[in-house]
Amino acid sequence: MSENRILILDFGGQYNQLIARRVRECGVYSEVHGYEQMDLEDIKAFDPKGIIFTGGPQSAYGEGAPSIDDGVFDLGVPILGICYGAQLMAYRLGGRIDSAPVSEYGRTEVVIDDKNGLLAAADDVNICWMSHTDYISKPPEGFVITAHTEDCPVAGMENREKGFYAVQFHPEVNHTQHGFDFLQRFVLDVCGCTQDWKMDSYAREQIEQLRDKVGDGRVLLALSGGVDSSVAAALLSRAIGNQLTCVFVDHGLLRKNEAAQVASIFGEGGQFNLNFVLVDAKQRYYSKLAGITEPEAKRKVIGEEFIRVFEETTREIGQHEYLAQGTIYPDVIESGLGKSAVIKSHHNVGGLPDNVDFKEILEPLRMLFKDEVRQLGRELGLPEELVSRQPFPGPGLGVRIIGEITEEKVRIVQDADAIYREEIAKAGLVGSISQYFAALTNMRTVGVMGDFRTYDYAIVLRAVETSDFMTAQASEIPWSVLQRVMTRIVNEVDHVNRVFYDLTSKPPGTVEME
């Protein structure tokens, strides 16, 4: 990775991924690491141009609160503290933290007192996003207060001589006016970083590294046909050519007709020169998932079978030393960093069993966000219709069927989802919605169809708009379109008599249902 980089120390904040993404938007490489995973020597070895402390849910003065070696403040490296990170900086450097008499959540007017440092681009009264119950009541010696609110005396503080900056609000979220400008000023001006994080150089470096690592070995790639695994396939193909075998597993949890579509693109006669193997494992997965209702348990089962199928396939087609996956950075972070909360285990991260029959697992996209993966795909010459394809979770419809998975439920959600997609396309909305799909709830409701009482399933429609999939809001689909979708699903899909529309944003929800 680039030697020109920012270290993000995570103290349990909900926006840790977003901070990293914003830094990369500045053209600078960044990584997120749990605070307890990085001692002072690790931080020195990482050799960051700057360090960012994230937010977190605890009190900096509380017993057992997340903290950091005070030696980090003597490294001569600029540090930016955000929310809890600001309070931690103040507390460790001799300031005072108290429980705020009035907690601040959401949209807040912040009065800017000093624009000579980080907040140069701010309005005199800047709208910012707050989320805190403690506050800095007294800054450490040597700091100037740069911003305040009606209820928070220190909404920003700086010691420019030492390169220490802190804001109580969240500059990484879109709700904060000029938030990106503040981060960019820290990364580029304060830290002096060069904007050298680009996908063309990343592609070249990864191709060289993969060649060196694999040598004359053989690689087995888990190919789903989605953006991540397809880009991984293109990258590996560039690096090692016919040493790569792509295996596509039809686990019975795909979208309608998707298996046939993937085979037509990657299989014989398709547009890629790949060794392509199709494994039909539908009944195997249905059997393993029978009776399981808890979301994490389903993910673990799917993850277990994910590896076992590939082990068996390897024995059939000849030993492959390496297993490649399309794991991306949000998968890694959401599966948990140190003591940070696990949002959800991803089948190719937290769901893998400990014992695998491969020399090593290759994850060439592991440090990339989704939009960076798409950029890399374009650099590798993949067609736009593939690069822009909507995300589809590794566990497939397994996380779009609430409760137990059965073959009948899979058929129901496949048919409903196909109708939803067809009507979205007819309405010309495809390009304006980041992700949309139908899911099957685990509830049945009473209905009336043809003068007869019914007691059938309810479908929920989901559609979100997002730039990075770290945060998202529900799309405002025209009512007439939703009405057509509802009518068609109820009339055309057996055992469905009700349709809901999910308005939940992320957070507090996630994009997927489970």
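Helix α5 is followed by Gly215, a residue with a positive phi near 60 degrees. In this predicted model, α5 covers residues 199–214, and its 16 residues reach 22 Å from the first C-alpha to the last, close to the 22 Å expected at 1.5 Å a residue.

The buried residues of α5 are Met199, Ser201, Tyr202, Ala203, Gln206, Ile207, Leu210 and Val214. An α-helix has 3.6 residues a turn, so residues three or four places apart point the same way.

**Packing of α5 on α11**

Two packed helices are described by the angle between their axes and the distance between the axes. For α5 and α11, the axes come within 9 Å and cross at roughly 75 degrees. On the α5 side the contact is made by Met199, Asp200, Tyr202 and Ala203, and on the α11 side by Glu372, Gln375, Leu376 and Glu379.

In soluble globular proteins, nonpolar side chains tend to be buried together. The largest nonpolar core of this model has 77 residues, of which Ile6, Ile52, Leu119, Val187, Val219, Leu365 and Leu376 touch the most other members. Helix α6 gives the most to this core, with nine residues. A second, separate core holds 47 residues, including Leu220, Ala416, Tyr436 and Ile459.

Within the largest core, Leu119 is one of the residues that touch the most other members. Apart from its neighbours within four places in sequence, Leu119 is in contact with Ile112, Asp114, Thr146, Ala147, Glu158, Val167, Phe169 and Phe182.

**Cysteines**

A search of the whole structure finds zero disulfides. Cys191 counts as buried at 9% relative accessibility, and Cys193 is buried with a relative accessible area of 9%.

**Backbone features**

Positive phi values also occur in residues other than glycine, among them His178 and Asn257. His178 is found in the loop between β9 (164–167) and α4 (179–190), whereas Asn257 is found in the loop between β11 (244–250) and α7 (258–266). The relative accessibility of His178 is 28%, so His178 counts as partly exposed. Asn257, by contrast, is exposed, with a relative accessible area of 54%.

Cis peptide bonds are found from Lys506 to Pro507 and from Pro507 to Pro508. Pro507 lies in the segment after β18 (496–501), and Pro508 has its place in the segment after β18 as well. The backbone angles are listed below.

| Site | Backbone angle |
|---|---|
| Gly215 | phi near 60 degrees |
| His178 | phi near 65 degrees |
| Asn257 | phi about 65 degrees |
| Lys506 to Pro507 | omega near -15 degrees |
| Pro507 to Pro508 | omega near 15 degrees |

Terms used
Residues numbered from 1 in each chain as written. Predicted model: local features only at pLDDT ≥ 70, side-chain atom pairs only at ≥ 80, totals over all residues. Heavy atoms only, no water. Helix = DSSP H or I, 4+ residues; strand = E, 2+ residues; numbered from the N terminus. Expected span 1.5 Å × (residues − 1). Buried < 20%, exposed > 50% of the residue type's maximum accessible area, 1.4 Å probe, protein only. Core = buried A, V, L, I, M, F, W, Y, C linked by side-chain atoms within 4.5 Å. Contact = heavy atoms within 4.5 Å. Disulfide = S-S within 2.5 Å. Axes fitted to C-alpha atoms, helices over the stretch in contact; angles between N-to-C directions.
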